[in-house]
Amino acid sequence: MIKATEKIWHNGKFIAWNDAKIHVLAHVTSYGSSVFEGIRCYATASGPAIFRGTEHMRRLLDSGRIYRMTIPYSVNELVAAMHELVRVNKLESCYVRPLVFRGYGDLGVLPTKDTPLETYMACWEWGKYLGAEAMEEGVDVCVSSWTRLAPNTLPTLSKAGANYMNSQLIRMEAAANGYSEGIALDASGYVCEGSGENVFVVRDGKILTPPIGSSVLPGITRDTVIQLAKDMGITVTETLIPREMLYIADEVFFSGTAAEISPIRSVDRIPVGAGKRGPITEKLQREFFALVEGKSPDPHGWLAPVAQPVTTR
Ligand SMILES: Cc1ncc(COP(=O)(O)O)c(C=O)c1O
């Protein structure tokens, strides 16, 4: 169950959690017309800090632009609102969900001037997405029988709510068959991504990941992994990956805001490498968590401390 907080940000104002309601006939409920983000705020020794908030808000505006949704806030305004939101809800660490959708008014498929665009932002406490144990042990996944979105159908550079109908099929099928997650192939049969994570493969000390053209979401954590690996002197190649590479890889892992960096220990019941977390995955996890928890330097300026309230006397 989601743990309610005090306030939700709506179109520039804070409202009570329970007042963040929409009409059943809002455009979004029939037609899936929403774009959103998922951002983590980590607890650090100097208070809560938001990880790559600017990049997430930029992607939110990009997601909207693709769907001709003109979100009336700048990246900086959204980032400032997010910091304020975490602060007013007095959370040490949390997940932040900005959400933009076509609201209640006209109800044809074609949005009109009478179909308002609503911008919300909520945050709440959230733990590990694939379970705390999974971080060390790794997860068992399958290749999904569902194909990820084909180019020229639903645009995957947009993190749109409608894309997650496909994600639900992947995730539900995996769960029904006893797997933690599914990896979907793209419309050409190459490795694409998990229902809510990007995928990386390690073979002979080199890292591979599907390119943006393989219908993946351009993950912020994906970008983080690519940069961290570079900083560690490990090559990351964005290339088409045949399905069978998952079976002969030394290591496979997921990246995502929710999943962070999660090792995969088997694919379709075939053990990945030695069937446990591999050394490159572990090294990347160590670097990642040291950075997001504020325990190591942040050379890329990814972690932004949530500003403390100015106290007036
Ligand atoms: C389908 C999909 N792919 C990849 C990701 C990872 O993206 P990010 O690292 O920006 O959270 C997500 C998570 O938002 C996702 O939903």
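Predicted model: local features only at pLDDT ≥ 70, side-chain atom pairs only at ≥ 80, totals over all residues.
**Entry: the ligand shell**

I found that α6 gives the largest share of the shell, three residues. I then listed the residues around the ligand, 14 in number, and noted that Gly219, Ile220, Thr221, Gly256 and Thr257 come nearest. Sorting the shell by class, I recorded nine polar, three charged and two nonpolar residues.

**Entry: the chain as a whole**

I counted eight helices and 17 strands in the protein chain. I recorded a radius of gyration of 20 Å, close to the 20 Å that the globule rule gives for 313 residues, so the chain is as compact as a globular protein of that length. For the C-alpha trace I noted spans of about 55 × 55 × 30 Å along the principal axes. I found that buried residues account for 42% of the 313 residues. Among contacts with a separation of 6 or more, I noted that 69% link residues 24 or more positions apart.

**Entry: two domains**

I looked up the domain assignment, which gives domain 1 (7–124) and domain 2 (134–292). I recorded 26 Å between their C-alpha centres. To the contact between them, domain 1 brings 18 residues and domain 2 brings eleven residues. On the side of domain 1 that touches domain 2, I found that β3 (34–36), β4 (39–44) and α2 (53–66) give two or more residues each. Of these, α2 gives the most, with six residues. I classed this side of domain 1 as seven nonpolar, six charged and five polar residues.

**Entry: strand β15**

A hairpin of three residues connects β14 to β15.

Strand β8 (residues 139–147) runs parallel to β15, with three bridges between them. Here I recorded valine 139 with isoleucine 264 in β15 as its bridge partner.

Strand β16 (residues 270–271) pairs with β15 in the antiparallel sense over two bridges, and I found valine 267 opposite isoleucine 270 of β16. Two residues lie between β15 and β16 in their hairpin, and I noted a positive phi of about 55° for aspartate 268 in the turn.

Conventions. Residues numbered from 1 in each chain as written. Helix = DSSP H or I, 4+ residues; strand = E, 2+ residues; numbered from the N terminus. Rg over C-alpha atoms; globule rule 2.2 N^0.38 Å. Buried ≥ 20, exposed ≤ 12 C-beta atoms within 10 Å, placed from the backbone. Contact = placed C-beta atoms within 7 Å. Near = placed C-beta within 6 Å. Nonpolar A, V, L, I, M, F, W, Y, C, P; charged D, E, K, R; others polar. Domains from an automatic or database assignment. Pairing = 2+ DSSP bridges.
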